[in-house]
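Thanks, everyone. I will go through a few local features of one model, so please have the sequence and structure open.

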Amino acid sequence: MEQLSVPAGQANDVMTAAEVEAFWRNGFAGPFPLDIPADELAELGNQCERIVVERQSHPLYDRYALRDWHLIDKDLERLFTQDAIVNRVVQLLGPDLLLWRSKIFYKPPGADAIGWHQEWGKFDGEEIGNSTPSLQPPVFGEDIWDLTIWVALDDVTPENGPLQFAAGTNRTKVPWSKVPMTQSAFYEEPFEGLTKEQIVARTRNSELVLDIDTADWLDGFDVDTASLPELTDHLRRRFDQLSAKFTEFEPDPDTVATMEMPRGSFVIFSERTMHGSPANNSDRRRMAVNCRIAKADTLVYPGRLAGDMIDGSNLDISRHESVLVAGEAVETRNVIRR
Ligand SMILES: [Fe+2]
């Protein structure tokens with residue numbers, strides 16, 4: 001597609017003191033507008049949809065992945081590096097910032113809910129049973145070192161799976177437990193609308209569920225004689241041999257904020273804030289992308305220094321780079337895109 005029309009830097013792309021104060025109290029801020037034409041955002045949404053629907057292999061990771069397409073697609077990089085986003089994150093995290101991760105969040109009609117969850121800042125893959133930290137701040141203290149920016153590429157309504165926050169939960173670490181994967185907050189039924197042949201192909205290509213290597217799950221299973229229900233039962237049992245994160249949490253309804261937001265607007269939140277999204281009960285797609293921006297004194301993928309190139313989401317991050325979006329690359333051991 002054509003390049004996005006990027007607005008010139010705008011000095012008013014900042015939050016008021018009241019908005020900053022509300023962020024620290026609630027754990028999120030926004031929605032705020034991006035000055036990008038709606039048709040360009042819709043086309044970017046279509047590109048993202050093709051990545052998901054066609055199960056495109058990520059050039060950096062050599063497998064189907066919805067992470068870090070901003071390192072491939074210049075339009076996504078430009079989207080996340082808008083002044084409207086960066087200036088506001090500077091207000092919250094300070095002058096030196098790294099964009100280190102992004103992800104596509106595609107919710108087609110009928111897609112499941114994502115249950116309430118929070119993430120304290122290591123991004124170690126605990127949601128799928130792993131414990132490999134992605135971020136290491138100079139001190140693991142009370143202060144936050146990372147924020148998430150969630151950008152709507154479609155109009156988000158109460159019906160099509162909006163992002164929700166439980167305001168004020170950003171200072172309370174809620175206990176969680178490990179459960180069989182199909183009971184976790186993140187599990188979505190991957191079989192809907194697929195034929196037996198499609199399920200078999202996706203399983204063998206590890207394209208069934210993100211970040212889970214299913215390539216050998218049908219070894220020794222008689223695919224030819226199995227019915228569709230027998231096949232899906234077998235695969236559900238395999239998922240349940242893995243454990244995943246489940247947080248026992250019911251928000252006070254008075255604290256729940258539903259982010260109804262137009263295409264091209266964004267919210268900023270701390271992952272420590274309890275968040276999730278209900279099912280898409282509409283007949284329209286809900287496409288969104290997020291990115292994660294950390295203080296530049298944070299070490300990204302600390303395991304890399306010891307030669308451990310597999311991250312908490314089972315991706316090989318050998319070729320991952322962070323993008324300096326403001327100030328100085330303070331932690332000099334990080335791999336920064338030049
Ligand atoms: Fe999340």
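The second largest cavity holds about 30 Å³ of space. By cavity I mean, on a 1 Å grid over the protein atoms alone, a set of points where a 1.4 Å probe fits but cannot get out. Grid points are joined across faces, edges and corners, and a volume is the space filled by probe spheres set on the points. This is a predicted model, where local features need pLDDT of at least 70 and side-chain atom pairs count only at pLDDT 80 or more, while totals for chains, interfaces and linings use all residues. Residues are numbered from 1 along each chain as its sequence is written, and side-chain values use heavy atoms, with hydrogens and water left out.

Which residues line the second largest cavity? They are Glu119, Trp120, Gly121, Ile144, Trp145, Asp146, Ser270, Glu271 and Arg272, where lining means an atom within 4 Å of a point. That lining splits into three nonpolar, two polar and four charged residues. Here Ala, Val, Leu, Ile, Met, Phe, Trp, Tyr, Cys and Pro count as nonpolar, Asp, Glu, Lys and Arg as charged, and the others, Gly among them, as polar.

The count of cavities of 30 Å³ or more is two. The largest cavity has about 50 Å³ of space, and its lining includes Thr132, Pro133, Tyr301 and Arg304. By class, that lining has four nonpolar, two polar and three charged residues.

Now a pocket, that is, an open set with protein on both sides within 12 Å along at least five of seven lines. The second largest pocket contains about 220 Å³ of space. Of its 15 lining residues, Glu119, Trp120, Gly121, Glu126 and Lys173 lie nearest its centre. Glu119, Trp120 and Gly121 also line the second largest cavity.

Next, a helix pair. The axes of helix 5 (residues 196-204) and helix 6 (residues 228-240) come within 10 Å and cross at roughly 25°. Helix 5 is therefore roughly parallel to helix 6, the term for angles under 35 degrees. Lys196, Ile199, Val200 and Thr203 of helix 5 contact Leu228, Leu231, Thr232 and Leu235 of helix 6, with contact meaning heavy atoms within 4.5 Å. Those residues comprise five nonpolar, two polar and one charged.

Last, the backbone. The peptide bond from Gly30 to Pro31 is cis, with omega near 0°, and Pro31 sits in strand 1 (residues 28-33). Asp62, a residue other than glycine, has a positive phi, near 55°. Asp62 is in the loop between strand 2 (57-58) and strand 3 (63-64). Helices (H or I, at least four residues) and strands (E, at least two) are DSSP runs, numbered from the N terminus.

Technical notes: Axes are lines fitted to C-alpha atoms, for helices over the stretch in contact, and angles run from 0 to 180 degrees between N-to-C directions. Angles under 35 degrees count as roughly parallel, over 145 as roughly antiparallel, 65 to 115 as roughly perpendicular and the rest as oblique.
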